[in-house]
Amino acid sequence: MKKTGKDAYTAQLSKQLLEAEIQPDDGVLSSVVNMFRVNRAALLGLILILLIVLMALLAPVIARYDPNALNLADMRKPPSPTHWFGTDDLGRDVFARVVYGSRTSLMIGFVPSVISLLLGTVLGLMAGYMGRKVDAVIMRVADVVLAFPSLLLAMVVMYTLGSSILNMFIALSIINWAGTARVVRAQTLSLREKEFVEAARSMGVSHPRIVFRHILPNCLPNLIVLFTLDIPGAIMWESSMSFLGVGDPNAASWGLMVSQGKSYAYMCPWLILAPGIAILVTVMAFNFLGDGLRDAIDPYMKT
Amino acid sequence: MNELLRAERLVKEFPVKNGVVHAVSDVSFTVAKGETLGLVGESGCGKSTLGKLILNLITPTSGAVWFKGTDLSALRGREQRRLRRGMQMIFQDPYASLDPRMTVGRIIMEPLTAHRVGSSRAERADMVRSLMEQVGIRPEFYGRYPHQFSGGQRQRIGIARALALDPELIICDEPVSALDVSIQAQILNLLSDLQAARGLTYLFISHDLNVVRYLSDRVMVMFLGQICELSPTEPLYSQPRHPYTKFLLEAVPQPDPTLRDDARALLAGEVASAINPPPGCRFHPRCPCADDLCRHKQPDLVEMAPGHLCACHHPLVDREIF
Amino acid sequence: MENILSIKDLVVSFASDGRKDRAVAVNGLSLDIPRGGTVGLVGESGCGKSVTSLSVMGLLAENGRVDAGEARFAGQDLLKLPDRELRKLRGNRISMIFQEPMTSLNPVLTVGRQLTEAIRQHSDMDKAAAKARAIELLEHVGIPEAATRFGNYPHQLSGGMRQRVMIGMAMAMTPDLLIADEPTTALDVSIEAQILRLMKDLQRRHGTSILMITHNLGVVAELCDEVYVMYAGEVVERADVFTLFRDCAHPYTRGLMASLPRMTPKGQRLYNIRGTVPNLRAMPAGCRFAPRCELASERCHAEKPGLIDLGGGHLCRCFLRGEAANHE
């Protein structure tokens with residue numbers, strides 16, 4: 001068969017080959033939607049998280065009392081129709097404090113997770129893509145952070161910088177970035193060797209473009225999973241630290257409430273049960289969601 | 001002969017734990033404009049490494065690649081990028097070679113963007129659509145993702161991407177070995193149509209001798225990082241000079257049961273490792289004709305017939321069978 | 001001739017997450033393997049050839065299910081056999097080799113240990129004798145320095161060597177049936193030729209029947225006596241190997257044969273089958289090959305052809321019965 005030129009050739013092709021069918025889209029999004037349909041725990045997690053976020057946003061509407069209003073006449077009252085979760089040793093409404101506490105706790109969950117996500121991603125990408133000395137330096141620092149007992153490290157930071165919510169963010173970011181950096185580095189290393197990255201290099205695509213257009217987007221699903229699992233981690237760390245007395249005494253977080261209620265644990269169990277359960281539910285909700293997302297995203301990442 | 005590409009004494013060695021991998025050892029050849037040079041050999045013979053050396057994806061230990069009369073390694077930065085636009089690559093694995101998170105349109109557009117071809121995004125998108133049509137993918141699928149396509153369709157997308165910068169040379173690294181037989185034929189036809197329409201030059205790397213025969217004007221056989229035979233296609237298949245080539249040709253199971261021969265000679269032993277290869281002729285441990293000379297002295301690539309080069313101390317003269 | 005394995009009307013389907021409908025991967029497949037014979041099961045990826053062997057062996061993935069059919073091996077229906085019995089059969093009378101032998105070798109035991117265990121399961125040899133026999137087998141399958149390799153772990157061997165160990169293991173067990181699923185696809189041609197020869201040798205020595213699953217028509221021509229060609233979950237043609245390569249009837253088989261670059265000179269177009277394999281969940285109503293077939297008539301699109309005997313056991317699933325299919 002002789003070709004006369006490009007045009008004749010194209011015409012022939014359009015007759016012969018353009019019938020190609022393609023598969024319906026089964027992208028990440030639809031596999032996530034599918035996951036929620038099958039994985040009820042993840043769906044429950046998502047719903048609970050939405051409710052908690054809503055609670056934080058609408059705190060003044062939900063709580064009937066000012067969380068900081070003292071009422072010395074009603075000290076340490078057990079749960080009742082007027083005070084659903086009872087009152088604490090200063091007569092403050094525990095329900096209102098739990099509702100408002102969600103603001104602090106969610107913030108403590110989100111802010112350091114965002115910071116450590118950004119920091120860990122940038123450092124992980126640098127270590128994985130640039131390799132050699134940069135990799136060695138970043139990963140050794142990460143190793144030191146990971147080898148240090150996290151709680152101890154965070155407490156040292158708090159003691160040095162002082163107990164404030166800002167320093168709490170810093171402390172939690174410091175203990176969290178290294179894990180993210182490791183994951184991102186490992187993925188960058190494997191993506192860097194993929195044929196599509198090699199293809200990009202063979203076409204003369206620049207390094208920054210390869211990192212931001214090819215490697216980062218392919219890390220993203222895992223980063224989302226990591227992020228959803230970092231949040232409950234941060235909430236837990238903050239609770240532990242508040243319990244041990246190194247939290248911000250003015251930030252009314254759930255962890256601080258448990259800490260303050262611990263002296264009355266036997267007499268007034270609601271003082272630690274209410275915030276304790278709030279922590280438990282929140283952490284579990286995020287973990288359910290994170291695990292579900294991981295299940296949905298992992299098989300997709302393999303193809 | 002109008003020379004497009006010349007490899008000059010290319011050497012690539014990687015240090016590993018227990019020695020040095022001699023991936024490519026002193027390989028020189030030329031490719032003329034418009035021809036297809038087939039490159040065959042078994043795994044570990046250095047054929048893929050050679051392809052990457054030519055594209056400068058890895059830097060050679062020594063030697064040079066000349067493209068359109070210019071030594072690529074003598075150029076830096078922008079100049080080199082400009083010259084390298086003329087060389088593109090088609091990859092083996094149609095699943096791994098397309099970024100799963102990019103749409104087909106963006107994948108094909110990427111080389112255009114990287115080299116600032118076209119004045120606007122819209123103009124580039126038009127170019128992409130026309131490329132898609134040329135390789136047999138409907139332009140309507142511009143916004144779809146690679147995983148929605150079959151292996152053969154993905155390979156077409158990879159070909160469109162390689163064509164985007166209107167290259168003169170395309171290095172095809174096993175472009176059909178991951179595909180089913182019927183799809184393989186579609187892609188081979190597409191490659192030869194594109195060659196006819198655009199005057200492309202191919203360096204076609206494959207382990208499949210039948211495929212190489214179909215597509216190539218000349219064939220180069222590699223063994224452990226060295227060229228053992230380089231010849232116009234038909235003479236190589238009808239009268240191989242190197243014992244290794246002969247064995248390879250014999251080993252391919254032919255789709256014809258009447259050609260069965262349980263007594264034919266098979267190449268014994270394992271595919272040898274390129275780590276610390278044997279002295280002398282690298283093929284000698286597996287070669288039935290090897291003697292002392294082969295064990296000690298490396299054979300040179302000698303012209304046996306016009307254009308037919310062979311590196312063997314005891315080349316096969318006529319159609320003898322051992 | 002007596003059949004060692006006889007599969008009848010096998011239907012296998014798969015479920016996938018969040019979907020109610022199951023994808024039917026094998027749709028009413030029948031296949032006989034005569035004792036001592038070699039049967040080839042050919043087809044392109046996704047045609048159901050591997051699923052067939054896995055379901056017969058009870059090795060389907062969790063989301064797979066045999067919906068109907070039977071597979072008689074020595075009088076027993078393998079599909080109804082309890083797991084324990086099937087496992088015993090697998091280690092004993094039926095051997096399997098896969099494309100990647102790593103999956104069937106235990107990575108934490110030396111190849112020698114695995115081989116001796118296999119030998120001792122089948123004889124009353126003591127340890128020393130079994131070891132001697134194992135080394136002999138390794139030598140026989142062409143593994144250099146067999147005595148050293150005896151103490152190696154699977155990952156220390158090359159792909160070709162692992163495949164040879166698998167064949168050595170099959171030889172130790174002298175199975176009645178060897179199921180080989182693309183055993184040479186990952187190997188270089190020189191190693192492929194060696195493995196094919198070893199399989200023939202195994203057959204000659206022990207009368208083992210072989211089911212060869214492959215996409216490579218060259219391998220089929222080299223090894224098989226009879227061939228079943230599968231397309232989209234169904235057998236479309238069955239013939240003895242000489243008839244098939246000389247005079248195949250089904251348009252799909254013809255297309256496959258014609259699309260092989262054999263002696264095709266450069267510049268001449270290869271025949272190619274247009275389009276792609278249909279989606280398992282959206283099979284054409286009539287002949288499954290009709291959308292890609294150049295000869296398809298309205299009837300082909302509307303009505304499903306059955307397997308027609310063209311004489312001498314040459315079966316073909318096509319209304320045109322081959323006579324009119326001379327389009328080459």
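**Exercise 1.** In what order do the strands of the open sheet of 4 strands in chain C stand, and is their pairing parallel or antiparallel?

*Conventions.* The model is predicted: local features need pLDDT of at least 70, side-chain atom pairs count only at pLDDT 80 or more, and totals for chains, interfaces and linings use all residues. Residues are numbered from 1 along each chain as its sequence is written, while chains are lettered from A and ligands numbered from 1 in the order in which they are written.

*Solution.*
Step 1. Helices (H or I, at least four residues) and strands (E, at least two) are DSSP runs numbered from the N terminus, and two strands pair if DSSP finds at least two bridges between them.
Step 2. The order is S2-S1-S4-S5 (chain C), and the pairing is antiparallel.
Step 3. Strand S2 (23–34) and strand S5 (76–77) of chain C are the edge strands, each pairing on one side only.
Step 4. Within this sheet, strand S1 (residues 3–14) and strand S4 (residues 64–73) of chain C are joined in the antiparallel sense by 8 bridges. C:Phe14 has C:Gly64 in S4(C) as its bridge partner.
Step 5. H1(C) packs on the sheet and touches S1, S2 and S4 of chain C, with its direction at about 110° to that of S1(C). Contact here requires C-beta atoms, placed from the backbone, within 7 Å. Axes are lines fitted to C-alpha atoms (for helices over the stretch in contact), with angles from 0 to 180 degrees between N-to-C directions.

**Exercise 2.** Find the order of the open sheet of 8 strands in chain C, and say which strands stand at the edges.

*Solution.*
Step 1. The order reads S6-S7-S8-S3-S9-S10-S12-S11 (chain C), with mixed pairing.
Step 2. Strand S6 (94–97) and strand S11 (308–309) of chain C are at the edges; each has a single partner strand, so one side of each has no neighbour in the sheet.
Step 3. Strand S7 (residues 177–181) and strand S8 (residues 209–214) of chain C run parallel and are joined by 5 bridges. C:Asp181 is opposite C:Ile213 in S8(C).
Step 4. Helix H1 (residues 49–56) of chain C packs on this sheet, touching strand S3 (38–42), S7, S8 and strand S9 (226–231) of chain C, and its direction makes about 140° with that of S8(C).
Step 5. H6(C) lies across S6 and S7 of chain C and runs at about 175° to S6(C).

**Exercise 3.** At what angle do H6(C) and H7(C) pack, and how far apart are their axes?

*Solution.*
Step 1. The angle is about 0° and the axes are 11 Å apart.
Step 2. H6(C) is therefore roughly parallel to H7(C). The classes are roughly parallel under 35 degrees, roughly antiparallel over 145, roughly perpendicular from 65 to 115, and oblique for the rest.
Step 3. From H6(C), C:Gly160, C:Gln163, C:Arg164, C:Ile167, C:Ala170 and C:Met171 meet C:Ile191, C:Ile195, C:Leu198, C:Met199 and C:Leu202 of H7(C).
Step 4. The contact has 8 nonpolar, 2 polar and 1 charged residues. Ala, Val, Leu, Ile, Met, Phe, Trp, Tyr, Cys and Pro count as nonpolar, Asp, Glu, Lys and Arg as charged, and the others, Gly among them, as polar.

**Exercise 4.** Describe the side of chain C that touches chain B.

*Solution.*
Step 1. Chain C gives 40 residues to the contact and chain B gives 34 residues.
Step 2. On the side of chain C, two or more residues come from each of H6, helix H7 (189–206), helix H8 (217–223), helix H9 (241–247) and helix H10 (251–259).
Step 3. H7(C) has the largest share, 9 residues.
Step 4. By class, this side of chain C has 18 nonpolar, 13 polar and 9 charged residues.

**Exercise 5.** Which residues of helix H3 (residues 111–121) of chain C are buried, and how many residues of helix H1 (residues 47–54) of chain B are buried?

*Solution.*
Step 1. A residue is buried if 20 or more other C-beta atoms, placed from the backbone, lie within 10 Å of its own, exposed if 12 or fewer, and partly exposed in between.
Step 2. In H3(C), the buried residues are C:Val111, C:Gly112, C:Gln114, C:Leu115, C:Thr116, C:Ala118 and C:Ile119. Their cover includes helix H4 (127–140), helix H5 (146–149) and helix H6 (159–173) of chain C.
Step 3. In H1(B), 8 of the 8 residues are buried, so the helix is largely enclosed by the rest of the structure.
Step 4. Just after H1(B), B:Asn56 has a positive phi of about 65°.
Step 5. Over whole chains, 48% of the 328 residues of chain C are buried, and 52% of the 322 residues in chain B.

How values were computed: Contact = placed C-beta atoms within 7 Å.
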